[in-house]
Amino acid sequence: MTGFDITGTSAPWALFVPRGAPEAEGQLAALEAKGGHVHHFAAADLMTEQGIHGAFARTLQFPGYYGRNWDALVDCLDDLCGAVTSRVGIACVIHDADALVETEHFPLFVSVLCQGADRANSAVDLDGFPLDRSAVAEHFVFECGEFDREMQEKVARRVEQPDLVVTRGDGFVGAALDPEEWH
């Protein structure tokens, strides 16, 4: 398995891997060794849009005025405080993620995560002007219990959208914003 770096600020932002994948586990440990944080989510808590907003707000310490909608989620993921990221980065691991693949909101959820991560992993704003902070590594790791070739193709088909680039590697599927659409 190669083709992604959870410890740095390069795409892909969303990764789909088998549970316990050695490379993903090693990179998560390396992120923590650099001072970053790994946050864990149960897919069972993310089966509805309301569940997603509640779980992310609690775990990532969103401000009280968080609007609990997709745009607000993008904004909060872009603007995570230093206490959550240690100004190094975060990885959010979603356990048993294969349960999410068939939900209606799954493609939009992945796109929203990629939007927030794309902004956090950049040191410039949407207009290309430098931010008053450095880029912060932000990645989302979807751990799937069953991740054979059939499941990988199913995930890739569900994630594939006009605004995302889907990559396939040895044992993983990745997603990032399509720069032609977003930049």
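**Salt bridges, helices and rings**

Colleague: Which side chains meet in a salt bridge at 3.5 Å, N to O?

Modeller: Those of D78 and R119. The two belong to distant parts of the chain, with D78 in helix α3 and R119 in helix α5, 41 residues apart. A salt bridge here is a side-chain nitrogen of Lys or Arg within 4 Å of a carboxyl oxygen of Asp or Glu. Helices (H or I, at least four residues) and strands (E, at least two) are DSSP runs, numbered from the N terminus.

Colleague: What kind of model is this?

Modeller: A predicted one: local features need pLDDT of at least 70 and side-chain atom pairs count only at pLDDT 80 or more, while totals for chains, interfaces and linings use all residues. Residues are numbered from 1 along each chain as its sequence is written, and side-chain values use heavy atoms, with hydrogens and water left out.

Colleague: OK. Is D78 buried or exposed?

Modeller: D78 is buried, because its relative accessible area is 18%. Buried means under 20% relative accessible area, exposed means over 50%, and partly exposed is in between (1.4 Å probe, protein chains only). R119 is partly exposed, at 23%.

Colleague: What else does R119 bridge to?

Modeller: D75, where the closest N and O atoms are 3.1 Å apart. D75 lies in α3 (residues 70–78) and R119 in α5 (residues 106–120), so this pair ties together parts that are 44 residues apart in sequence. D75 has 40% relative accessibility and so counts as partly exposed. D75, D78 and R119 are linked in a network of salt bridges.

Colleague: How many salt bridges are there in total?

Modeller: Five. Another one joins the side chains of E102 and K154, at 3.1 Å, N to O. That pair also links distant parts of the chain: E102 is in the loop between β3 and α5, K154 is in helix α6 (residues 149–159), and they are 52 residues apart. E102 counts as exposed because its relative accessibility is 52%, whereas K154, at 31%, is partly exposed.

Colleague: Back to α3. How many of its nine residues are buried?

Modeller: Seven, so α3 is mostly covered. They are W70, A72, L73, V74, C76, L77 and D78. These residues pack against α2 (49–59), α5 and β4, where contact means heavy atoms within 4.5 Å.

Colleague: And what caps the N-terminal end of α3?

Modeller: N69, which has a side-chain oxygen 3.1 Å from the backbone nitrogen of D71. The rule behind it is the polar contact: a pair of N or O atoms within 3.5 Å, where, within protein, one must be able to donate a hydrogen and the other to accept it, and residues adjacent in sequence count only if both atoms are side-chain atoms.

Colleague: New topic, α1. What should its 12 residues span?

Modeller: At 1.5 Å a residue, residues 22–33 should span 16 Å, and the end C-alpha atoms are 16 Å apart, which agrees. The expected span is 1.5 Å times one less than the number of residues in the helix.

Colleague: Which residues of α1 are buried?

Modeller: A24, Q27, L28 and L31. Seen down the axis of α1, they fall within an arc of 105°, so they line one face of the helix. The arc is that of the directions from the helix axis to the C-beta atoms. On the other side of α1, P22 and A33 are exposed.

Colleague: What do the buried residues of α1 pack against?

Modeller: Four strands are listed for them: β1 (14–18), β2 (37–42), β3 (89–95) and β4 (137–144). Just after α1, G35 takes a positive phi of about 105°.

Colleague: Now the rings. How many aromatic pairs does the structure hold?

Modeller: It holds 10. In one of them, F4 and F172 have ring centres 5.0 Å apart and planes at 75°, so the pair is edge-to-face. It links distant parts of the chain, with F4 in the segment before β1 and F172 in strand β6 (residues 172–177), 168 residues apart. F4, at 8% relative accessibility, counts as buried, and F172, at 3%, also counts as buried.

Colleague: What about F16 and F142?

Modeller: Their centres are 4.5 Å apart and their planes are at 25°, so that pair is stacked. F16 is in strand β1 and F142 in strand β4, 126 residues apart. Rings of Phe, Tyr and Trp (its six-membered ring) pair if their centres lie within 6.5 Å; planes under 30 degrees apart count as stacked, over 60 as edge-to-face and the rest as tilted.

Colleague: Which residues form one aromatic cluster?

Modeller: F16, F41, F56, W70, F106, F109, F140 and F142.
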